[in-house]
Amino acid sequence: MQLIDTHCHIHFPDYELDAEEVLGSAQAAGIGKLLCVGCTLPDSKLGVAFAQKHEGVWASIGIHPHEAARYVDDDEKLQSFRNLAGSPKVVAIGESGLDYHYMHSNKPEQEALLRFQLTVAQEQDLPLIFHVREAFDDFFAILSDFEGVRGVVHSSTANTATLDKILNRGLYIGLNGIMTFTKDAEQLQAARAVPLDRLLLETDAPFLTPTPYRGRICEPKHVLVTAEFLANLRGESLEDIATATTSNAKKLFNLS
Ligand SMILES: [Zn+2]
């Protein structure tokens, strides 16, 4: 049985565990493949370097919506990002999206940065990893301007109404440790309703450690706990969840 952690940040310079050791214990636990996801230009570069050094590791390069104000008017940084997108082992663009919860950057800045990353994804024919918080209406409107967008809404806490809209766009749903500790019945109802062929697993390590490991630093190996939880919640076998999510991840990100 194999699982893929489609979203982690173990390459972050401030990750408190040793990334090499964490990768080793993930692989020993059957998590043979993982994606290191960038949130800024510098850590996207680190993610690419880490992926290029390790078998079974790929990189998604992205600029988080929180960072938009620092990037939208900086042509040099944007060009550097564009160049990085063509590097070996880059399999996706993201985290990109909209976050209206914290508003670290204003709406027009976030929109401009999202449109830029959608354009880069089209140029490179890559899928996207979306971070969307309290901004789905604007997100769907922007997406409509781009043909054939492929991708995943990561760390989904959608209810079934939003889930339906995401699925109608042909996007995948990424679920993580949140599902193991949420008290929100609507989120769990949506997690049950995700079609198996649209489901991806992730940890978002070092964040969102699943129950019963709350309080520890999250690692990719913890994706197994979320997989077990979802199998239970959805009335499916762990094997079925593993087979489907692994095949979905390989297909979306074109992993070998
Ligand atoms: Zn993340």
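What volume does the largest cavity have? In this predicted model, the largest cavity has a volume of about 40 Å³. A search of the whole structure finds 1 cavity of 30 Å³ or more. Its lining is made up of S156, T157, A158, L163, I173, L175, M179, Q187, A190, A191 and V194. Sorted by class, the residues around the largest cavity are 8 nonpolar and 3 polar, with no charged residues.

The largest pocket has a volume of about 760 Å³. It is lined by 28 residues, of which D99, H131, R133, H154 and S155 are the closest to its centre. The elements that give two or more residues to the lining of the largest pocket are β4 (90-99) and β5 (128-133). The largest share comes from β5, which contributes 3 residues. By class, the lining of the largest pocket holds 10 nonpolar, 11 polar and 7 charged residues.

We turn next to the metal site. The zinc ion is coordinated by NE2 of H7, NE2 of H9, an OE atom of E95 and an OD atom of D204, at 2.0 to 2.2 Å. The angles among these 4 donor atoms run from 79 to 170 degrees, and the site is irregular. A tetrahedral site would need all angles to lie between 85 and 135 degrees, so the range of 79 to 170 degrees rules that label out. In sequence, the donor residues follow the spacing H-x1-H-x85-E-x108-D. Within this set, H9 and D204 link distant parts of the chain, 195 residues apart. H9 sits in the loop between β1 (3-8) and α1 (19-28), while D204 sits in the loop between β8 (199-201) and α10 (223-234). Both residues of this pair are buried: H9 has 1% relative accessibility, and D204 has 8%.

Charged side chains make further contacts. Side chains of opposite charge can pair when their charged atoms come close. The whole structure contains 8 salt bridges. One of them joins K53 and E20, with 3.7 Å between the closest N and O atoms. K53 is exposed, with a relative accessible area of 62%, whereas E20 is partly exposed at 39%.

A salt bridge also connects the side chains of D74 and K77, at 3.6 Å from N to O. Here D74 is partly exposed, with 24% relative accessibility, and K77 is partly exposed too, with a relative accessible area of 31%. In a further pair, the side chains of E236 and R234 meet at 2.8 Å, N to O. E236 counts as partly exposed because its relative accessible area is 25%, while R234 counts as buried at 12%. Finally, salt bridges with shared partners join E111, R115 and D145 into one network.

Definitions and conventions: Residues are numbered from 1 along each chain as its sequence is written. This is a predicted model: local features need pLDDT of at least 70, side-chain atom pairs count only at pLDDT 80 or more; totals for chains, interfaces and linings use all residues. Side-chain values use heavy atoms; hydrogens and water are left out. Donors are N, O and S atoms within 2.8 Å of the metal (3.2 Å for Na, K and Ca); water is not among the atoms, so sites may look incomplete. Four donors count as tetrahedral if all angles lie between 85 and 135 degrees; four count as square planar and six as octahedral if opposite donors are over 155 degrees apart and all others between 65 and 115; anything else is irregular. Helices (H or I, at least four residues) and strands (E, at least two) are DSSP runs, numbered from the N terminus. Buried means under 20% relative accessible area, exposed over 50%, partly exposed in between (1.4 Å probe, protein chains only). A salt bridge is a side-chain nitrogen of Lys or Arg within 4 Å of a carboxyl oxygen of Asp or Glu. On a 1 Å grid over the protein atoms alone, a cavity is a set of points where a 1.4 Å probe fits but cannot get out, and a pocket is an open set with protein on both sides within 12 Å along at least five of seven lines; lining residues have an atom within 4 Å of a point. Grid points are joined across faces, edges and corners, and a volume is the space filled by probe spheres set on the points. Ala, Val, Leu, Ile, Met, Phe, Trp, Tyr, Cys and Pro count as nonpolar, Asp, Glu, Lys and Arg as charged, and the others, Gly among them, as polar.
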